[in-house]
Amino acid sequence: MVELSLVLPRRPDDRWRLAKQMGVTSAVVHPLEIGDGKCNWEYEELEAMCNWFRDAGLSVDVIEGSVPLTDRVRLGREGRDEDIAAFKRFLRDCGDVGIPVVCYDWMAGVRWARTEAHLEARGGSYVTGYNDEKLRSRRQRGQETDVTADRLWEALEYFLEEVTPVAEAAGVKLGLHPDDPPRESVGDMPRIVNGPEAYRRVLDIADSEHNGITFCQGNFAAMGVDVPEAIREFGDRINFVHFRDVEGDADRFVETWHDNGPTDMLAAMRAYEECVDDDVPMRPDHVPTTAGEDNSNPGYHTNGRLFAIGYMRGLLEDCRSGA
């Protein structure tokens with residue numbers, strides 16, 4: 001079963017109230033990045049934030065985004081042990097304050113990539129998109145040129161062997177996000193977490209429920225897989241869900257309204273309900289920008305998330321009604 005969640009700011013504002021008015025009490029929080037994977041999360045900050053949420057009747061169930069994971073770790077560079085030690089400390093702190101899931105990625109250099117942020121969709125709304133040809137036509141500055149997929153795999157294996165036992169002891173589940181877009185490379189930077197076979201390899205590195213997946217549904221759709229079947233394959237290792245859809249593939253795609261993409265979203269929701277463990281957080285992701293919104297934060301404005309939560313709740317009611 002899944003639990004509906006929303007990305008909420010670290011400090012109270014109207015979005016906290018809107019979440020509760022929609023019946024959502026599970027929060028996903030993005031930390032503030034201060035450079036190369038370094039964040040201003042200290043234990044006292046985490047504890048104060050969680051207490052603030054609890055006092056408001058909300059729980060912090062996932063930390064994602066710029067968690068304290070640097071490219072020195074992703075690329076296996078000198079100094080990674082120091083950075084891995086900081087990540088371990090972060091996991092212990094999350095466990096101590098009751099945050100059950102940490103979402104991370106293995107996208108070195110360029111993180112999630114988009115080439116358009118103002119593509120018109122239904123009713124003049126805006127969505128984001130990716131076009132690899134367009135990306136390659138642009139000059140890529142400051143990218144690694146000597147990185148190989150083998151190097152990334154070695155670094156990921158080393159990282160998981162180090163941190164999974166700490167996550168287990170802390171009671172925190174890790175969720176590895178797919179590469180976005182799920183390609184073999186973006187620009188000159190290789191990508192390795194780009195398909196089901198890659199995830200099978202990742203899960204074999206450490207056979208533990210604490211070494212799991214952030215099932216970002218739009219990325220799995222862009223991989224060209226049968227999304228409900230992929231959910232069923234990985235179900236007991238899915239620790240967090242990004243519920244979204246795209247039209248296209250890893251070379252070229254656009255985001256869609258949740259009810260207007262090619263994936264059978266009801267079939268996907270049924271697969272989650274059948275296969276994932278209890279209370280796995282699921283949030284809407286990359287929503288359209290609607291009338292009256294300025295598109296200053298593409299994919300994360302409020303109106304589209306309100307629509308998505310209502311749509312997701314309707315799918316869940318269908319699944320749970322036995323229809």
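The paragraphs below go through the salt bridges, a helix and its surroundings, a charged surface patch and some backbone features of this structure.

The model is predicted, so local features need pLDDT of at least 70 and side-chain atom pairs count only at pLDDT 80 or more, while totals for chains, interfaces and linings use all residues. Residues are numbered from 1 along each chain as its sequence is written, and side-chain values use heavy atoms, with hydrogens and water left out.

Some terms come first. Helices (H or I, at least four residues) and strands (E, at least two) are DSSP runs, numbered from the N terminus. A residue is called buried under 20% relative accessible area, exposed over 50%, and partly exposed in between (1.4 Å probe, protein chains only). A salt bridge is a side-chain nitrogen of Lys or Arg within 4 Å of a carboxyl oxygen of Asp or Glu.

By the salt-bridge rule, the count comes to 31. One of them joins Asp-259 and Arg-122, whose closest N and O atoms are 3.1 Å apart. Asp-259 lies in the loop between S13 and H10, and Arg-122 in the loop between strand S5 (116-120) and strand S6 (126-131), so this pair ties together parts that are 137 residues apart in sequence. Asp-259 is partly exposed, with a relative accessible area of 34%, and Arg-122 is also partly exposed, at 36%.

Another salt bridge is formed by Asp-251 and Arg-183, with 2.3 Å between the closest N and O atoms. This pair, too, links distant parts of the chain: Asp-251 is in the loop between strand S12 (246-248) and S13, and Arg-183 is in the loop between strand S7 (173-176) and strand S8 (185-186), 68 residues apart. Asp-251 is partly exposed at 42% relative accessibility, whereas Arg-183 is buried at 13%.

In a further salt bridge, Arg-237 pairs with Asp-207, and the closest N and O atoms are 3.5 Å apart. Arg-237 sits in the loop between helix H9 (227-234) and strand S11 (238-243), and Asp-207 in the loop between helix H7 (196-205) and strand S10 (211-216); the pair links parts of the chain 30 residues apart. Are the two partners buried or exposed? Arg-237 is buried, with 11% relative accessibility, while Asp-207 is exposed, with 71%. Salt bridges can also join into a network, as they do for Asp-71, Arg-74, Asp-105 and Arg-111.

In the loop between strand S13 (252-255) and H10 lies Thr-263, which is buried at 14% relative accessibility. The side chain of Thr-263 makes a polar contact with the side chain of Asp-245 at 2.8 Å. A polar contact is a pair of N or O atoms within 3.5 Å; within protein, one must be able to donate a hydrogen and the other to accept it, and residues adjacent in sequence count only if both atoms are side-chain atoms. At the start of H10, a side-chain oxygen of Asp-264 reaches to within 3.3 Å of the backbone nitrogen of Leu-266. Within H10, the buried residues include Met-265, Ala-268, Met-269 and Tyr-272.

Past this helix, Asp-277 is found in the loop between H10 (265-275) and strand S14 (280-284). Asp-277 is partly exposed, with a relative accessible area of 30%. Together with Asp-236, Asp-278 and Asp-279, Asp-277 forms a negative surface patch. Patches are made of residues with over 30% relative accessible area and no salt bridge, where like charges are joined within 9 Å and nonpolar side chains (Val, Leu, Ile, Met, Phe, Trp, Tyr) within 5 Å.

The backbone is the last topic. Which form does the peptide bond from Asp-180 to Pro-181 take? This bond is cis, with omega near 5°, and Pro-181 is placed in the loop between S7 and S8. His-286 has a phi near 50°, a positive value in a residue other than glycine. Asn-295 is likewise a residue other than glycine with a positive phi, near 60°. His-286 lies in the loop between S14 and helix H11 (302-320), and Asn-295 lies in the loop between S14 and H11. His-286 is buried, with a relative accessible area of 6%, and Asn-295 is buried at 6% relative accessibility.

Conventions:
Accessible areas come from the Shrake-Rupley method with a 1.4 Å probe; for residues, only the protein chains shown count as cover. Lys and Arg count as positive and Asp and Glu as negative; His and the chain ends are not counted. The place of a charge is taken as NZ of Lys, CZ of Arg, CG of Asp or CD of Glu.
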